[in-house]
Amino acid sequence: MKDEVPNLKDFDKRLRDEAATEPTLEVPQGEPTSKTQIIAIYGKGGIGKSFTLANLSHMMAEMGKRVLLIGCDPKSDTTSLLFGGKACPTIIETSAKKKIAGEEVQIGDVCFKRGGVFAMELGGPEVGRGCGGRGIIHGFELLEKLGFHDWDFDYVLLDFLGDVVCGGFGLPIARDMAQKVILVGSNDLQSLYVANNVCSAVEYFRKLGGNVGVAGLVINKDDGTGEAQAFAKAVDIPVLAAIPQDDDLRKKSANYQIVGTKAGPWGDLFEGLAVAVADAPPVRPAPLDQDGLLGLFDSKDTGGDYQLVPATDLDMRGKNAKPKESLEVIYDDA
């Protein structure tokens, strides 16, 4: 039973070695040739990516499309709304259990269906026990073994956490795994900061020869104040849909109810979004600098008009401050 007790020194060394190694992020050249549209959706945590994607995928399936939804967020909440709150086994968790049992992962262990949508979660490591980005890389390696490149779908939708900027979460952009990126944001500085960061990543890899572009912005919880619209115009990307800040939507989302259906009052909105997502070409964005981003908001709300005041050596020393002998040579007037 000795092997069941972790060697903390080896574990610590393994984590340090892993953290010091850069992921492989080669960018293949040439235009995508697959008929499948692989679309990566990015946004700040809690901004409504899972809500948007669950309903978007459900509407696409209603429109007769074959859709695969893959959650790529360690919170594993992408499929929860689609499955009425039910959490499905993640690929990483299932892979670990199967490996211990000496078994191979089968597609039925990790992929589930509802309303014509096929869905799965990559998952992530337990808190403090590994890198979420590397978990993403491992998850896609397993998907390739399961036959990912032979699957027949019209759309593969990838739900990525936009707050994290490490290589694993940038995989679809860096490796040209997706043809285009959709951003989800709102009329608040933090969500647009994340959206702008993703635009910066797209622009960086385009300069290296990549093909991924931004197809547009979905404004969620739109209260009509206009900052997200202004952001889209400033970075030169279209607004694909504006989902209003509405109490009915909030309640249904909290209760894991699908609203992306023609049978409900929000069907037209999500049908329009589905068409826009399908047709929008990937474009090269023009990301903003920090001052440009702050300029989208009233300075009274952001502190954008604050002037930086430099600190001095005496400030830093505080109560330990003592006058220093000057080495300056002072000459008397002749």
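**Close-up 1. K97 pairs up with E93 in a salt bridge, with 3.4 Å between the closest N and O atoms.** A salt bridge here is a Lys or Arg side-chain nitrogen within 4 Å of an Asp or Glu carboxyl oxygen. This is a predicted model, where local features need pLDDT of at least 70 and side-chain atom pairs count only at pLDDT 80 or more, while totals for chains, interfaces and linings use all residues. Residues are numbered from 1 along each chain as its sequence is written, and side-chain values use heavy atoms, leaving out hydrogens and water. Both partners sit in helix α4 (residues 91-101), four residues apart, or about one turn of the helix. Helices are DSSP runs of H or I with at least four residues, strands are E runs of at least two, and both are numbered from the N terminus. An α-helix has 3.6 residues a turn, so residues three or four places apart point the same way. K97 counts as exposed because its relative accessibility is 55%, whereas E93, at 37%, is partly exposed. (Buried is under 20% relative accessible area, exposed is over 50%, and partly exposed is in between, using a 1.4 Å probe and protein chains only.)

**Close-up 2. Helix α10 (residues 247-254) holds the D247 and R250 pair.** Their side chains meet in a salt bridge at 2.8 Å, N to O, and the two residues are three apart. D247 is partly exposed, with 39% relative accessible area. D248 and K252 also both lie in α10, four residues apart, and their salt bridge has its closest N and O atoms 3.4 Å apart. The overall count is nine salt bridges.

**Close-up 3. D222 is buried but has no salt bridge.** This residue lies in strand β7 (residues 213-222). The nearest side chain of opposite charge (Lys and Arg count as positive, Asp and Glu as negative; His and chain ends are not counted) is K221, 12 Å away. What the D222 side chain does reach is the backbone nitrogen of G224, at 3.0 Å.

**Close-up 4. Helix α2 (residues 49-62) is mostly covered, with 13 of its 14 residues buried.** Just after α2, G64 takes a positive phi of about 90 degrees.

Key: A polar contact is a pair of N or O atoms within 3.5 Å; within protein, one must be able to donate a hydrogen and the other to accept it, and residues adjacent in sequence count only if both atoms are side-chain atoms.
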